[in-house]
Amino acid sequence: MNPHESHIKETATASKKWSSWQENFTLIAIALTLALLIRTFVAEPRLIPSESMYPTLHTGDRVVVEKVSYRLQPPKIGDIVVFQSPPELQRRGYDKNQALIKRVIGRPGEVISVSQGKVYLNGQPLQEDYIAEPPNQPFPAVTVPQDGFFVMGDNRNDSNDSRYWGFLPRRNLIGRATFRFWPLDRIGLI
């Protein structure tokens, strides 16, 4: 092979390698962009940091939080929501970006109270087969404001929730916990 043919062959090989690197880099950039967009706008994983949602969720459980449905409709009673620290918790030292998780008990305009170990929604006791034990402290009737929600942990006697820091502003909602993916022996819908 003459030097000119050798140079052409080397140039073609280098060009193929460069094209392959460009393609791989492009695929990686697209994958990272999609992952960032999905995590920002569609769904993200979260770690459960405490026992406040026991027995439904345990410390160390990992869940998927979907972020789309609450752009289309408000949370329903019983939804498990993930949210940023509300203003009162921020005043108490929580980071404003710290995510918390609780169950929606009251929506705008509804009246919530706790009496004799039962939670009442608009004067009717809630059927709560998901709680660890009945709440041991009464809570006077309050009306949920138009831009807020009343949330409680399922571990009613060990949960820092709306009874202690007030209503959850709608703007603080991140999304709804929908699926537990860890630990594997308890994988499934929430």
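Asn-122 sits in the loop between E6 and strand E7 (124-125); helices (H or I, at least four residues) and strands (E, at least two) are DSSP runs, numbered from the N terminus. Its phi is positive, about 55°, although Asn-122 is not a glycine. With a relative accessible area of 44%, Asn-122 is partly exposed, where buried means under 20% relative accessible area, exposed over 50%, and partly exposed in between (1.4 Å probe, protein chains only).

Gln-116 is another non-glycine residue with a positive phi, here about 50°. Look for Gln-116 in the loop between strand E5 (111-115) and strand E6 (118-121). Gln-116 counts as exposed because its relative accessibility is 78%. Most residues other than glycine have a negative phi, and most peptide bonds are trans.

## What you're looking at

This is a predicted model, so to speak of local features takes a pLDDT of at least 70, side-chain atom pairs count only at pLDDT 80 or more, and totals for chains, interfaces and linings use all residues. Residues are numbered from 1 along each chain as its sequence is written, and side-chain values use heavy atoms, with hydrogens and water left out.

## Two cis peptide bonds

Tyr-54 and Pro-55 are joined by a cis peptide bond with omega of about 10°. Pro-55 is in the loop between E1 and E2.

A cis bond also runs from Trp-182 to Pro-183, with omega near 5°. That puts us in the loop between E11 and E12, where Pro-183 is found.

## How E2 is paired

E1 (residues 43-47) and E2 (residues 62-66) run antiparallel and are joined by five bridges; two strands pair if DSSP finds at least two bridges between them. Across this pairing, Arg-46 stands opposite Val-63 in E2.

E2 also pairs with E11, in the antiparallel sense and over five bridges. Here Val-65 faces Ala-177 in E11.

## A nonpolar patch

Trp-182 turns up again with Leu-184 and Ile-187: these residues make a nonpolar surface patch of about 330 Å². Patches are made of residues with over 30% relative accessible area and no salt bridge, with like charges joined within 9 Å and nonpolar side chains (Val, Leu, Ile, Met, Phe, Trp, Tyr) within 5 Å. A salt bridge is a side-chain nitrogen of Lys or Arg within 4 Å of a carboxyl oxygen of Asp or Glu. Accessible areas come from the Shrake-Rupley method with a 1.4 Å probe, and for residues only the protein chains shown count as cover.

Ile-187 lies in the loop between strand E11 (173-182) and strand E12 (188-189). Ile-187 counts as partly exposed because its relative accessibility is 46%.
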